[in-house]
Amino acid sequence: MKIRMSFGVAKIVIICAVLAGVCAIIGLDIALLAGATGSGTSPAIPAVSMAAGIVVGVIALLLLVNSYYKFKNDGLLILIGLFADKVAYDDILFVRQCIDTDELFLIVKDKEHSDKEMGLKVSIAEKFSDDFIKGLREYIPNITVDIFSQPKKKDKEN
C-alpha cells in the first residue's frame, strides 16, 4: 500500500512558483543561445544556467510527484523526492493521533540513543489517516493508537 504525502497549499504554491521560475529561466537561456539581440555573452553562461535550471526543476517536480509512504515487508519506506528512509516496524512503538486535526505522529525508538524516543509527523491528508493506520496494522497488528487533543492556548494579558 502506498500513501502520497501532502505538503499543504502554501508549500505546493512555493514549489509551483519555483517551477514557473525555472521555465522562465530556461526560456531566457534558450533565447540567449539562439542569439537574441544584445546578448554579447559567452554561450557557456546560458548553457550552465539552463542546466542548473533543469536540475532545480526536476528536483521540484520530484518533490511534488514522488513523495509517499509505502508499507513494505521489511519496514515503512518514506520517500521524499529523491531521498528515501526506512523505519523498521520493530522500531515503531505507537501512533499518536490528534483528535482535532487527524494528524498522525509515529513514536519510534531513537537509533542513536536506545533509551530515548522520537516522534515523526506523518505528512498525509487528514482523509487518509485511517488508511495509514489500517496499513500499519497489517504489519503491526497490536499497534497502540493514542488519541490526544491539542492543548488550548492561554490568553496572555498585558
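1. Cysteine 98 is buried, at a relative accessibility of 0%. This value, like the others below, is computed from a predicted model. Cysteine 23 is instead exposed, with 55% relative accessible area.

2. How many disulfides does the count give? The count is zero. For cysteine 23, the closest cysteine sulfur belongs to cysteine 16 and lies 11 Å away. A disulfide requires the two sulfur atoms to be within 2.5 Å, so the sulfur of cysteine 23 is too far from that of cysteine 16 for a bond.

3. The protein chain contains three helices and eight strands. Read from the N terminus, the order of elements is β-α-α-β-β-β-β-β-β-α-β. Residues 67-72 make up strand E2, residues 92-98 strand E5 and residues 104-109 strand E6, and residues 117-122 strand E7.

4. On overall dimensions, the radius of gyration of the protein chain is 22 Å, whereas a compact globule of 158 residues would have one near 15 Å. Along the principal axes, the C-alpha atoms fill a box of roughly 70 × 55 × 30 Å. Buried residues make up 28% of the 158 in the protein chain. Among contacts with a separation of 6 or more, 52% join residues 24 or more positions apart.

5. The protein chain has an accessible surface of about 10,500 Å², and carbon and sulfur atoms account for 60% of that area. Its charged side chains number 18 positive and 19 negative, and the centres of the two sets are 3 Å apart.

6. Beyond its neighbours within four places in sequence, tyrosine 69 is in contact with residues including Met1, Ile3, Met5, Leu77, Val122, Ile124 and Phe132. The C-alpha atoms of tyrosine 69 and glutamate 117 are 21 Å apart in space, and the two residues are 48 apart in sequence.

7. Isoleucine 107 sits in strand E6 and is buried, with a relative accessible area of 11%. Which residues does isoleucine 107 touch, not counting those up to four places away in sequence? They are Asp91, Ile92, Leu93, Phe94, Arg96, Glu117, Met118 and Gly119. Phenylalanine 94 is 13 residues from isoleucine 107 in sequence, with a C-alpha to C-alpha distance of 5.5 Å.

8. The backbone at aspartate 102 deserves a look: its phi is positive, at about 65°, and the residue is not a glycine. Aspartate 102 lies in the loop between strand E5 and strand E6. Its relative accessibility is 32%, which counts as partly exposed.

9. Lysine 116 is placed in the loop between E6 and strand E7. With 45% relative accessibility, lysine 116 counts as partly exposed. Leaving out residues up to four places away in sequence, lysine 116 touches Val108, Lys109 and Asp110. Tyrosine 139 is 23 residues from lysine 116 in sequence, and the C-alpha atoms of the pair are 23 Å apart.

Methods
Residues are numbered from 1 along each chain as its sequence is written. This is a predicted model: local features need pLDDT of at least 70, side-chain atom pairs count only at pLDDT 80 or more; totals for chains, interfaces and linings use all residues. Side-chain values use heavy atoms; hydrogens and water are left out. Buried means under 20% relative accessible area, exposed over 50%, partly exposed in between (1.4 Å probe, protein chains only). Helices (H or I, at least four residues) and strands (E, at least two) are DSSP runs, numbered from the N terminus. The radius of gyration is taken over C-alpha atoms; the globule rule is 2.2 Å times the number of residues to the power 0.38. Contact means heavy atoms within 4.5 Å. Accessible areas come from the Shrake-Rupley method with a 1.4 Å probe; for residues, only the protein chains shown count as cover. Lys and Arg count as positive and Asp and Glu as negative; His and the chain ends are not counted. The place of a charge is taken as NZ of Lys, CZ of Arg, CG of Asp or CD of Glu.
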